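Dear colleague,

Please find below the structure that I am handing over to you.

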Amino acid sequence: MSQILSSNEVAPVRPGGPILQVDALVKHFPTDRGLMASGAVVHAVDSIDLEIHPGEVLAVVGESGSGKSTLARCVLRLIDPTSGRIVFDGRDVTGMKGRQLAGFRQQVQPVFQDPFSSIDPRWRVGRSVAETLDAFSIGTKAERQERVVDLLDRVGLDPSFARRRPHELSGGQRQRVGIAAALAPEPRLIVADEPVSALDVSVQAQVLNLLADLQRDLGLAILFVAHDLAVVEHISHRTAVMYLGKIVETGPTERVFRDPRHPYTKALLEAIPHPDPERRLVGSVLEGEIPSPIAPPSGCRFRTRCPVAIDRCAVEEPEMTLFGTGHTAACHVARAELEASAG
Amino acid sequence: MSDLLALEHVDVGFATEDGRVSAVSDVSLSVSEGEIFGLVGESGCGKTTLAMALMGLLPTTAHVAGSVRFQGLELLGLPPDELRKLRGDRISMIFQDPMTSLDPTFPVGEQVAETITAHRDVNDARAKERALELLGDVGIPEHERRFGDAPHRLSGGMRQRVVIATALANEPALVLADEPTTALDVTIQAQVLDLLRDLRTRLQTTIVLITHDLGVVAQICDRVGVMYAGQLVEVAPVSEIFRSPRHPYTQALLAALPTQQQVPGSLRVIPGRVPNLADPPPGCRFSTRCPYVMDVCATVPPLAHETDEHLIACWLSEATNQAGRPDHATAGGAA
């Protein structure tokens, strides 16, 4: 994990530089507290590096227990990482507090799977959207009301929705309100954690279209956390695949989906239930289940389920290897194959 | 193959504060022995209500009409104790959340064994032996050791395997599986789908799979019924549904699936929203959102055979027109 920044000095923003950079990020949770505490920890996120550029959609995919949501919550500064750095727009935000943190939060907004987690169910929609503006003291009261109407319009809702309460809305409409609230302070990065996974297919398509339009029109960067690979392939520019707290592969989405190098990425892609009866999966792709993050396997964390694991995988953690422009994977076997083919 | 299950003109209504909600409207379909039949649709389409109606599991506010015959036996109106005898024996159910079916305090193996002793005249030792076999059959690793574990000690995927073992305990003729893999991760889902497929091959179990996931349907089903707002709009072999969907709703649903080929922002959407089922539109309930809507759509289109195996309920279809053009209709046409 030696790539990217070697100096602690914070570089000024270069055009084309990342809007968000995550550096050797670690988040461990204690498994128990109090007198009987064993000192055991859950290795939720372990030494993760990633970056997102302005206007880019980076998808983070993985199954339950992969650490993808913990990563999102660290980036949002909802929880403090155990170690590592989060650099936003050239500034280290890892330890930010108070007014500075508020400034960061204005620029990095969340969209959650359940919009109710960010909307007060008792408030009218207009108030929920205005709340974000109030929180950051943006504009006068009249300006805020006008802005609420603009924002509702931006997410495809009639101004009359401002008077409604969340329970009167469908799931798709609620998610639009959640997105309007997130857009209110004009953020530069949206962290979307499973934003469409609770929605029906036809509604999901509406929300995906909305996110894609916003991203393009406003030049937003999006960290898109999801488990649905078809959604990820459709909407993201780059994809990072997580397994048991580690990124095992990352690259341009098309490369990762067309030419996956990590055996876990391969298995994950093979397990997609394609809506095409002629592409049926015969037999299961991957045996067993994800091991406990309390005691992750030594070496490569995927080795206990890996169909091609070798002895080395148990003793040495594989390093990220470059397989093409911006395409990296951490696998001893894939690396050996690459070296063999290079002669 | 003969019909194991035959539904005729099934209606399910609920009395609510807003009036009578028509959750399932005039559904007729049949499922053959040994087939995997998918019932697919979005939230509120009535697919789960229909399954609960078959099992006699709806609350007393529900009003169920029509006919449901299982192996020739009429299930609607069957006394509750007779239905209870069928459930877990000749018909069993698998739900999305395994904890709906499992008792959180009892060892999983005991729960499987109990399902056997509840319906079969066998001693406890024999039931335990059989339960152990079943846990092995559904692919629970170290199943001897797992037998005594409470459900919370197992992962979600393992719990669902226990539920499947329970569902199979008495070798039912029919398994109703309602979103059985929806709560599972994709690699675990692949394992469970493989298990269901294997069961059908080994035991000839008939499976009715209720799901919103068209991917799951494509992977495992032989035939599919598509529901929208309580109406069954299309029934066809799985390959035909995906290759040449005929109903405008089925077409729209398939077009809304995200793919890599589509430019982000250009997914096809279905305008409008699902109608309020306390006051559904007359006729075809998709008519309020259908791009091809015509005057005739205010009359309910009958589900009719376009070919032997492909049925559709849409006035655009010649078959539907022949089956019940409203100006020719004698009974039940214009209402």
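The notes below cover confidence, the interface, a helix pair and several individual residues.

This is a predicted model, in which local features need pLDDT of at least 70 and side-chain atom pairs count only at pLDDT 80 or more, while totals for chains, interfaces and linings use all residues. Residues are numbered from 1 along each chain as its sequence is written, and chains are lettered from A and ligands numbered from 1 in the order in which they are written.

Confidence

The predictor assigns the complex an ipTM of 0.84 and a pTM of 0.88.

The interface between chains A and B

On chain A, 36 residues are in contact with 37 residues of chain B. The elements of chain A that give two or more residues to this side are α6 (201-218), α7 and α9; helices (H or I, at least four residues) and strands (E, at least two) are DSSP runs, numbered from the N terminus. The largest share, nine residues, comes from α6(A). By class, the side of chain A that touches chain B has 18 nonpolar, ten polar and eight charged residues. Here Ala, Val, Leu, Ile, Met, Phe, Trp, Tyr, Cys and Pro count as nonpolar, Asp, Glu, Lys and Arg as charged, and the others, Gly among them, as polar.

Helix α9 of chain A spans residues 263-270, and its buried residues are Pro263(A), Tyr264(A), Thr265(A), Ala267(A) and Leu268(A). A residue is buried if 20 or more other C-beta atoms lie within 10 Å of its own, exposed if 12 or fewer, and partly exposed in between, with C-beta atoms placed from the backbone. The cover over these residues of α9(A) includes α7 (229-235), β9, β10 and α8 (253-258) of chain A, together with α7 of chain B.

Helices α6 and α7 of chain B

The helix α6(B), residues 156-168, packs against α7(B) at an angle of about 15 degrees, with the axes 10 Å apart. Axes are lines fitted to C-alpha atoms, for helices over the stretch in contact, and angles run from 0 to 180 degrees between N-to-C directions. The two helices are therefore roughly parallel to each other, a term for angles under 35 degrees. From α6(B), Gly157(B), Gln160(B), Ile164(B) and Leu168(B) meet Ile188(B), Gln191(B), Val192(B), Leu195(B) and Leu199(B) of α7(B). This contact has six nonpolar, three polar and no charged residues.

Individual residues

Most residues other than glycine have a negative phi. Leu244(A), however, has a positive phi near 50 degrees, and lies in the loop between β9 (238-243) and β10 (246-252) of chain A. Leu244(A) is buried, because 25 other C-beta atoms lie within 10 Å. Gln204(B) also has a positive phi, of about 60 degrees, and sits in the loop between α7 (186-203) and β8 (206-211) of chain B. Gln204(B) is exposed, since 12 other C-beta atoms lie within 10 Å.

Finally, Leu29(B) belongs to strand β2 (residues 19-32) of chain B. Leaving aside neighbours within four places in sequence, Leu29(B) is in contact with Leu7(B), Gly225(B), Leu232(B) and Val235(B).

With kind regards

Technical notes: Contact = placed C-beta atoms within 7 Å. Parallel < 35°, antiparallel > 145°, perpendicular 65-115°, else oblique.
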